[in-house]
Amino acid sequence: MAYERKFKIGKPILEVNNISLAFGGVKAITDTSFNVLEHEVRAIIGPNGAGKSSMLNCINGIYKPQQGTVSFKGQVVPNITPNIMAQMGLSRTFQNLALFKRMSVLDNILVGRKLHTKTNFLEVALQLPKVKKEEKLNRERSEEIISFLEIEDIKDTPVGKLPYGLQKKVELGRALATDSSIILLDEPMAGMNVEEKRDMCRFILKVNDELGTTMVLIEHDMGVVMDISDRVVVLDYGKVIGDGTPDEIMANQKVIDAYLGVEH
Amino acid sequence: MKPIFMTYTKKDLINLAVCMVLSVLIIPTFIKTEYWYTSILIPWLCLALATIGQQIVMGYTGQLALGAAGFMAAGAFAMFNLILRVPDLGFVGSLIVSGLIAAAFGILFGLPSLKVRGIYLMVATLASQFFIIWMIDKFGWFKNYDSSGIITAQDIVILGKPFTTPLAMYFVCLAVTTILTLLAMNMARGSTGRNWMAVRDMDIAAESMGVSLLRTKVQAFAISAFYCGVAGALFAFCYLKSLEPVAFDIKLSFKILFMCILGGLGTINGAFIGAAFILLFPVLLNAIGNNVFHGAIDATIISSIEQVIFGLLMIIFMIYEPLGMAKLWENLKQSMRSKLSLSGIKGVKSPVLKK
């Protein structure tokens with residue numbers, strides 16, 4: 001890359017080892033392994049039904065794979081649950097938007113600060129000084145994220161009332177609020193127009209650049225993927241068919257076949 | 001709107017001041033008939049408190065629970081036994097411990113919420129309703145082996161002073177309800193409430209943000225049962241002045257559920273509006289029956305009409321205004337304000353025009 005990165009790409013932070021996942025008789029993922037390096041932007045691509053979202057759900061602990069392990073920050077995580085992964089510093093967004101619809105944008109992002117909230121309900125009920133202090137810090141951080149994402153004017157709107165593109169932004173904001181070291185983005189740009197996509201790319205790169213957050217994203221827009229990612233892994237029918245830099249992937253015959261189809 | 005004191009904004013504090021002046025000064029000075037205290041104001045405060053409990057678990061945390069009256073019974077009978085057996089605890093102490101005992105039941109009967117949801121959870125939580133009433137009936141110890149079935153509640157004594165007149169009891173209920181309402185608002189607006197609502201709106205995302213479903217749901221059930229328990233103790237000691245399990249039957253649970261829904265799910269002030277409506281509506285209907293039709297309509301028919309209207313209202317609210325009467329009130333205020341500002345009255349800012 002032409003410019004000097006503040007956070008140099010380092011050792012593997014997340015390793016997926018021989019994961020297999022099946023729903024009844026349907027195999028979603030078969031014996032898949034890949035890794036994600038610290039501070040990189042890693043894309044997962046593949047045709048529909050290739051198992052990309054299932055892969056993220058396995059990493060995040062929503063699905064329990066029948067085989068294989070996920071190791072995070074150098075250790076294999078036993079009994080993965082979304083909660084444990086969040087505590088270890090992994091956050092995510094969802095393909096079909098999983099925002100808290102009746103809550104305002106600010107409140108949604110504040111929920112992302114959950115792990116930085118140590119006070120219990122009794123202290124909150126009595127509004128002890130430490131609750132106020134903590135709430136103030138959390139609010140400040142959330143406001144920072146809101147202005148970073150340029151969504152100040154909608155911060156008090158219930159997210160259910162926002163258009164799709166903005167909701168995707170809020171979801172990114174909520175993931176950012178956790179101050180996680182790695183964020184999984186499940187199709188962050190689906191359904192967006194060119195301008196919104198460009199914005200989203202800018203935010204993803206900016207977060208990666210300024211905070212050093214490792215980004216794993218699923219995306220269908222090849223132009224975007226090739227532009228912003230450091231390395232790409234290609235899934236097809238639940239298997240890895242290609243893994244490497246964007247240029248290598250573009251030249252990979254298997255990937256071209258999977259996308260364009262081959263005559264048998 | 002910035003909070004000035006605790007989580008309350010200037011508007012909240014003004015509302016609170018108005019409510020306090022109304023309930024502490026104006027009502028006691030102008031209302032002299034005992035009927036108003038014993039039959040309307042005291043049960044209103046008690047049931048509003050129980051409805052806040054129902055709000056926490058249903059309106060905020062989104063867990064469809066039905067069994068508030070069971071927790072109220074637990075609180076009421078715990079209160080009776082504590083005053084009887086541990087007199088040193090005092091009224092306030094007993095009230096708190098009764099709430100905690102109800103909360104323990106809340107934790108127990110909240111556990112199914114981890115596995116089942118929606119209508120199935122409603123059925124599962126019905127267990128609390130039936131189990132607690134059954135337990136009190138089955139074991140004579142809870143009723144101090146009283147054979148009559150109805151036990152008289154002890155007199156309320158706080159710091160050596162008896163609180164036996166309707167007005168005094170009204171003040172006891174008012175004080176407890178006010179304090180617990182303020183605490184509930186703090187929780188609802190703080191990080192605790194955000195966790196509840198996150199679980200309500202999208203539990204899987206909440207979990208991915210580090211909100212523990214187990215802890216949040218069980219916590220909501222416990223706090224809800226605490227509120228119901230305290231409300232039940234007040235209900236028995238200030239309103240019924242007697243204790244019998246039948247008073248806390250499933251009808252009361254349903255009544256609280258209706259108060260919660262009509263008032264507006266996920267609002268604290270809705271609990272008061274809903275409770276007032278459900279309590280006052282039958283009174284109003286009776287008054288209409290007596291004064292307009294001069295008793296030409298049979299009382300049983302009036303009570304049937306009441307059921308029909310409640311049912312209709314539930315359906316109408318569910319379809320057109322799921323956020324209930326609290327939201328209607330909010331809308332009314334909004335439209336009044338914009339009308340006033342459009343007609344050019346100074347000093348009234350329109351929230352619509354403000355940018």
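Me: What distance separates the centres of domain 1 of chain A and domain 2 of chain A?
Reply: Domain bounds come from an automatic or database domain assignment. Taken over C-alpha atoms, the two centres in chain A lie 27 Å apart. Domain 1 comprises 1-89 + 180-264, and domain 2 comprises 97-174. This is a predicted model, in which local features need pLDDT of at least 70 and side-chain atom pairs count only at pLDDT 80 or more, while totals for chains, interfaces and linings use all residues. Residues are numbered from 1 along each chain as its sequence is written, and chains are lettered from A and ligands numbered from 1 in the order in which they are written.

Me: How many residues does each domain of chain A give to the contact?
Reply: Two residues are in contact if their C-beta atoms, placed from the backbone, lie within 7 Å. Here domain 1 of chain A contributes eight residues and domain 2 of chain A six residues.

Me: Which elements give two or more residues to the domain 1 side?
Reply: Helices (H or I, at least four residues) and strands (E, at least two) are DSSP runs, numbered from the N terminus. On this side the elements are α2 (82-88) and α7 (194-211) of chain A, and α7(A) gives the most, with three residues.

Me: How many residues does each chain give to the contact of chain A with chain B?
Reply: Chain A supplies 30 residues and chain B 25 residues. On the chain A side, α2, α3 (105-111), α4 (121-126) and α5 (129-148) each give two or more; the largest share, four residues, comes from α2(A).
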